[in-house]
Amino acid sequence: MMCIPCYPEFIPMTFETADSISKTVKTQTDGLSEYTFGHLYFFRNYYCYKVSTVSDNCVIVTGTDKGRPFFFIPSGSVSFDVITELLKTYSDWKFISESFILNNKVLFEQLGYSVEEDRDNFDYVYMKESLST
């Protein structure tokens, strides 16, 4: 098992980081497929995933998508200061779970942000007629 460094230091996601990441993402209850180690590991090279910890129950994952740097926080709590730093460094905050939003309304208000659904990225919603043709 590889030790994941504390924020703001990041290391590339590897198989050796699996135990630490899996322990953290298993606490997430919103059912986001992006929050499984298998999914993260499969796409680690495509998105150049790197990981850091904030606490025993909080991992920050960063990556790039079409040249745009992003981050996401699978579970746990992150301070206002850390979120502010991340938002200054990365273009996008992806995969924000509904429970994280509901549990951190004050944080988003303090940051001056409103959260909007990105309907273009809703997965696994298909018309049954289109699946049979």
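A salt bridge here is a side-chain nitrogen of Lys or Arg within 4 Å of a carboxyl oxygen of Asp or Glu. The legends below refer to a predicted model.

**Figure 1. Salt bridge between Asp 92 and Arg 68.** The closest N and O atoms of Asp 92 and Arg 68 are 2.9 Å apart, which places the pair inside the 4 Å limit and therefore among the salt bridges. The pair links distant parts of the chain, with Asp 92 in strand 5 and Arg 68 in strand 4, 24 residues apart. Asp 92 has a relative accessible area of 24% and is partly exposed. Arg 68 is also partly exposed, at 42%.

**Figure 2. Salt bridge between Asp 65 and Lys 94.** A search of the whole structure finds two salt bridges. In the one shown here, the closest N and O atoms of Asp 65 and Lys 94 are 2.7 Å apart. This pair too links distant parts of the chain: Asp 65 belongs to strand 3, Lys 94 to the loop between strand 5 (92–93) and helix 5 (98–103), and the two are 29 residues apart. Asp 65 has a relative accessibility of 17% and counts as buried, because the limit for buried is under 20%. Lys 94, with a relative accessible area of 22%, is partly exposed. Side chains of opposite charge can pair when their charged atoms come close.

**Figure 3. Positive phi at Lys 66.** Lys 66 is a residue other than glycine with a positive phi, near 55°. Lys 66 is placed in the loop between strand 3 (58–65) and strand 4 (68–72). The relative accessible area of Lys 66 is 80%, so the residue is exposed.

**Figure 4. Positive phi at Cys 48.** The phi angle of Cys 48 is near 55°, again a positive value in a residue other than glycine. Cys 48 sits in the loop that runs between helix 3 (44–47) and strand 2 (50–55). With a relative accessible area of 46%, Cys 48 is partly exposed.

**Figure 5. Cis peptide bond between Tyr 7 and Pro 8.** The peptide bond that joins Tyr 7 and Pro 8 is cis, with omega at about 20°. Pro 8 belongs to the segment before strand 1 (11–12).

Figure 6. Leu 40 has 0% relative accessibility and counts as buried. Leaving aside neighbours within four places in sequence, Leu 40 is in contact with Met 13, Ile 21, Val 25, Glu 34, Tyr 49 and Phe 72. The C-alpha atoms of Leu 40 and Ala 18 are separated by 9.6 Å; these two residues are 22 residues apart along the chain.

**Figure 7. The second largest pocket and Thr 53.** The volume of the second largest pocket is about 210 Å³. Twelve residues line this pocket, and Ser 20, Lys 23, Thr 53, Ser 55 and Asp 56 lie nearest its centre. Helix 1 (18–25) and strand 2 are the elements that give two or more residues to the lining. Helix 1 supplies the largest share, three residues. By class, the lining of the second largest pocket has six nonpolar, four polar and two charged residues. Thr 53 lies in strand 2. At 14% relative accessibility, Thr 53 counts as buried.

**Figure 8. Overview of the protein chain.** The protein chain has seven helices and five strands. From the N terminus on, its elements run β-α-α-α-β-β-β-α-β-α-α-α. Of the 133 residues in the protein chain, 36% are buried. Among contacts with a separation of 6 or more, 43% are accounted for by residues 24 or more positions apart. The accessible surface of the protein chain comes to about 8,700 Å², and 53% of this area belongs to carbon and sulfur atoms.

Terms used:
Residues are numbered from 1 along each chain as its sequence is written. This is a predicted model: local features need pLDDT of at least 70, side-chain atom pairs count only at pLDDT 80 or more; totals for chains, interfaces and linings use all residues. Side-chain values use heavy atoms; hydrogens and water are left out. Helices (H or I, at least four residues) and strands (E, at least two) are DSSP runs, numbered from the N terminus. Buried means under 20% relative accessible area, exposed over 50%, partly exposed in between (1.4 Å probe, protein chains only). Contact means heavy atoms within 4.5 Å. On a 1 Å grid over the protein atoms alone, a cavity is a set of points where a 1.4 Å probe fits but cannot get out, and a pocket is an open set with protein on both sides within 12 Å along at least five of seven lines; lining residues have an atom within 4 Å of a point. Grid points are joined across faces, edges and corners, and a volume is the space filled by probe spheres set on the points. Ala, Val, Leu, Ile, Met, Phe, Trp, Tyr, Cys and Pro count as nonpolar, Asp, Glu, Lys and Arg as charged, and the others, Gly among them, as polar. Accessible areas come from the Shrake-Rupley method with a 1.4 Å probe; for residues, only the protein chains shown count as cover.
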